[in-house]
Amino acid sequence: MQPLSVVRVNPDTPVGAGFKPAPTGVSLIERAARVQQSFHIGDKRIFPNAYLAPMSGVTDISFRRLVSRLSGGRTGLLISEFISVEGLTRDNPKSMRQMAFAEEERPFSVQIFGGEPSRMAWGAKIVQETGADFVEINCGCPAPKVVSKGGGSGLLRDLPNLANILRQVKAAVTIPVTIKVRVGWSDDLITLFETLKIAEGEGAAAFVIHGRTRAQGYKGFANWNLIAEAKSRASIPVIGNGDILRAEDVLQRLETYGVDGVAVGRGAMHNPWIFGQLADLYEGKVPREPGREDYLYVFSEYEALLREEMDLEQRVLGKLKQMAARVLKGLRGSSAARLSLLRSQSNAEFRDHLHRYFESLGEIEHDLAAVVELNGTDETEVAEGNTYRN
């Protein structure tokens with residue numbers, strides 16, 4: 001395999017012929033009318049063509065149902081947290097819980113990871129038996145505990161095994177199989193085009209690309225130029241992933257890089273309304289920016305959904321704190337409020353701080369510059385999907 005060296009670029013940098021930047025002086029609604037708005041995985045239409053990417057410790061059934069309700073069911077696609085086939089095939093209670101989903105979440109996919117082809121096929125069978133619409137193979141997780149066992153982005157250094165896994169999973173199930181990869185292991189080992197060939201050759205129904213290398217982790221910008229190049233070579237739907245915060249960002253990626261769809265990860269933790277906002281644009285409506293009542297509803301509804309799944313107050317409180325750390329960042333005066341919320345010792349105290357903060361606000365003001373670090377910069381490395389550090 002010939003490694004390809006890569007020049008890191010800002011994701012707003014236009015690429016070559018065939019991909020055009022957004023026209024100036026054109027409204028978001030007009031731009032939305034000009035882009036591809038859906039794609040198919042098998043016989044299922046994915047609309048809108050931006051969907052929630054799987055994130056460990058984040059995209060559990062409660063968060064997914066919340067996002068679905070905020071969008072009026074227009075989330076495109078919902079995907080489980082990535083699940084170990086070792087746990088699935090050993091009836092591990094945590095793995096089985098992670099795979100559970102509600103009917104309101106359809107179309108629904110379960111993402112699995114592992115390095116052993118026969119066990120991945122076994123895990124995929126279990127996924128199919130739950131009634132999920134799709135199963136996805138994770139070739140992108142950079143966590144050492146996953147990579148050390150040959151799973152996640154570790155497969156990018158063992159492409160024959162990756163091909164074998166996809167072949168055996170495809171043979172084991174009748175539902176469509178998708179695959180998610182990173183662009184490569186490192187800048188010196190870009191495997192994107194080889195993994196695309198494998199995906200197409202083994203019958204994957206869609207190809208999802210996180211635009212960072214494994215070595216990059218969650219640091220710096222995603223390389224959308226590479227994603228665009230893969231799309232130009234592909235015969236199956238290509239979905240790009242990386243650095244999406246707003247519905248306008250989705251439009252920009254579709255216009256500039258020509259992908260079939262976009263997966264939104266950490267940006268959805270900051271803006272869980274993004275899918276409904278995009279669907280509104282596609283339907284010719286001006287998307288609504290969330291106000292005070294919308295923010296309060298998010299926490300109230302999320303707490304109710306969490307209580308359906310867990311009965312320990314401290315677990316519910318922990319998830320609400322996780323939400324507050326992201327959703328409130330970028331709002332005027334939120335630094336002190338987030339600190340108070342994160343120090344809350346009970347759900348009642350948390351709700352009290354939350355209401356006090358929003359009662360003190362006038363008009364809601366969003367500062368997107370303050371949330372850039374949510375997606376990683378050259379100075380800020382995001383250690384995991386749900387945490388970051390300076």
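**Reading the model**

Tutor: Let us start with D243, which sits in the loop between β11 (238-241) and α10; helices (H or I, at least four residues) and strands (E, at least two) are DSSP runs, numbered from the N terminus. The model is predicted: local features need pLDDT of at least 70, side-chain atom pairs count only at pLDDT 80 or more, and totals for chains, interfaces and linings use all residues. Residues are numbered from 1 along each chain as its sequence is written, while side-chain values use heavy atoms, with hydrogens and water left out.

Student: What is the phi of D243?

Tutor: Most residues other than glycine have a negative phi, and most peptide bonds are trans. D243 has a phi near 70°, a positive value in a residue other than glycine. D91 also has a positive phi, near 55°, and is placed in the loop between α3 (85-88) and α4. Just after α8, G203 takes a positive phi of about 85°.

Student: Are D243 and D91 buried or exposed?

Tutor: The labels rest on relative accessible area: buried means under 20%, exposed over 50%, and partly exposed in between (1.4 Å probe, protein chains only). D243 is therefore buried, at 12%, whereas D91 is exposed, at 57%.

Student: Which peptide bonds are cis?

Tutor: The bond from F47 to P48 is cis, with omega near -10°, and P48 is in the loop between β2 (44-46) and β3 (50-52). The bond from R106 to P107 is likewise cis, with omega near -5°; P107 lies in the loop between α4 (93-99) and β6 (108-113).

Student: How many helices and strands are there in the protein chain?

Tutor: The protein chain has 16 helices and 14 strands. Of its 390 residues, 61% are buried. A contact means heavy atoms within 4.5 Å; among contacts between residues at least 6 apart in sequence, 73% join residues at least 24 apart.

Student: Which residues does R119 contact outside its sequence neighbourhood?

Tutor: R119 belongs to helix α5 (residues 117-129) and is buried, with a relative accessible area of 14%. Apart from neighbours within four places in sequence, R119 is in contact with V85, E86, T89 and R90.

Student: How many salt bridges does a search of the whole structure find?

Tutor: A salt bridge is a side-chain nitrogen of Lys or Arg within 4 Å of a carboxyl oxygen of Asp or Glu. The search finds 28 of them. One joins the side chains of R31 and E248, at 3.4 Å from N to O. That pair links distant parts of the chain, with R31 in helix α1 (residues 28-34) and E248 in helix α10 (residues 247-257), 217 residues apart. R31 is buried, at 8% relative accessible area, while E248 is partly exposed, at 31%.

Student: Where do E308 and R65 lie?

Tutor: Their side chains meet in a salt bridge of 2.9 Å, N to O. E308 lies in helix α13 (residues 292-309) and R65 in helix α2 (residues 61-70), so the pair ties together parts that are 243 residues apart in sequence. R65 is buried, with a relative accessible area of 9%.

Student: What is the salt-bridge partner of R106?

Tutor: The partner is E103, with the closest N and O atoms 2.9 Å apart. R106 is partly exposed, at 31% relative accessible area, and E103 counts as exposed, at 57%. Elsewhere, salt bridges that share partners join R31, R246, E248, D249 and E255 into one network.
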